[in-house]
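Hi,

Here is the model I promised to send over. Have a look at it first, and my notes on the aromatic rings follow below.

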Amino acid sequence: MVIIVDYENVNEKGLTGLEKLKQTDRLILFYNNNSKISIDKLISISKLNIKMDYFKVTTTAKNSLDFQLISYLGYLIANDSESNYCIISNDTGFDSAVAFWKARNVVICRKGNIQNCKQTNTEQVPSKVTQSDVENLFKANPLPYVNIQQLTSFINKYKTKQGLNNALVKTYGSEKTGAINKIIKPLTKDKKGK
């Protein structure tokens, strides 16, 4: 999960739940000259074994931090639309960006702190497809070119039908992907998209 903190807005309260972050999470803090953080909080952040980025916003124009945060969010999503994203802010102005990305099948939310964000996104994790689930579908319709292990990995990795389809086309080509999609349809019906 990628967590982007509007520290100017939430301050240390937004970091509640910091201890729930996992090694696979990424924390990005946007802050300015008025941002204050305690030494204890800095120590707890430094003990986390996660990828972290900090962006200091030095311009003083109104909403500078918000615009830079949203711009960076768009950049992140363009490079990885399959990750889960959470904006930590009490500023409801971010909700329009959240709605925009949700309409494009990106898993994203806005919460007031990390703890609430982690609770929301864990509820959205779909159950994993097993290799035997995929093998069973191909017993009746064998396709010799399909790597079952790789296909199982793709089905579990991509949250949207479009993301899965793109990976399959890249691996198998358009014609073979059409045949694969017909067979795996029961395993992908809950994925977002058409």
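K176 lies over the face of Y145, 4.7 Å from the ring centre. For a charge to sit over a ring, NZ of Lys or CZ of Arg has to be within 6 Å of the ring centre and within 35 degrees of the ring normal. R104 does this too: its charged end sits over the ring of F100, 3.7 Å from the centre.

Before you read on: this is a predicted model, with pLDDT of at least 70 needed for local features and 80 or more for side-chain atom pairs, while totals for chains, interfaces and linings use all residues. Numbering runs from 1 along each chain as its sequence is written, and side-chain values use heavy atoms, without hydrogens and water.

Now the ring pairs. Searching the whole structure gives seven aromatic pairs, meaning rings of Phe, Tyr and Trp (its six-membered ring) with centres within 6.5 Å; planes under 30 degrees apart are stacked, over 60 edge-to-face, the rest tilted. F30 and F55 are stacked, because their centres are 5.0 Å apart and their planes at 20 degrees. That pair links distant parts of the chain, 25 residues apart: F30 is in strand β2 (residues 26-31) and F55 in strand β3 (residues 51-56). Strands here are DSSP runs (E, at least two residues), numbered from the N terminus.

F30 is buried at 2% relative accessibility, whereas F55 is partly exposed at 28% (buried is under 20%, exposed over 50%, partly exposed in between; 1.4 Å probe, protein chains only). Ring pairs also join F30 and F55 with Y72 and Y75 in a cluster.

Back to F100: its ring and that of W101 have centres 5.0 Å apart and planes at 85 degrees, so they are edge-to-face. F100 is partly exposed, at 38%.

Cheers

Key: Helices (H or I, at least four residues) and strands (E, at least two) are DSSP runs, numbered from the N terminus.
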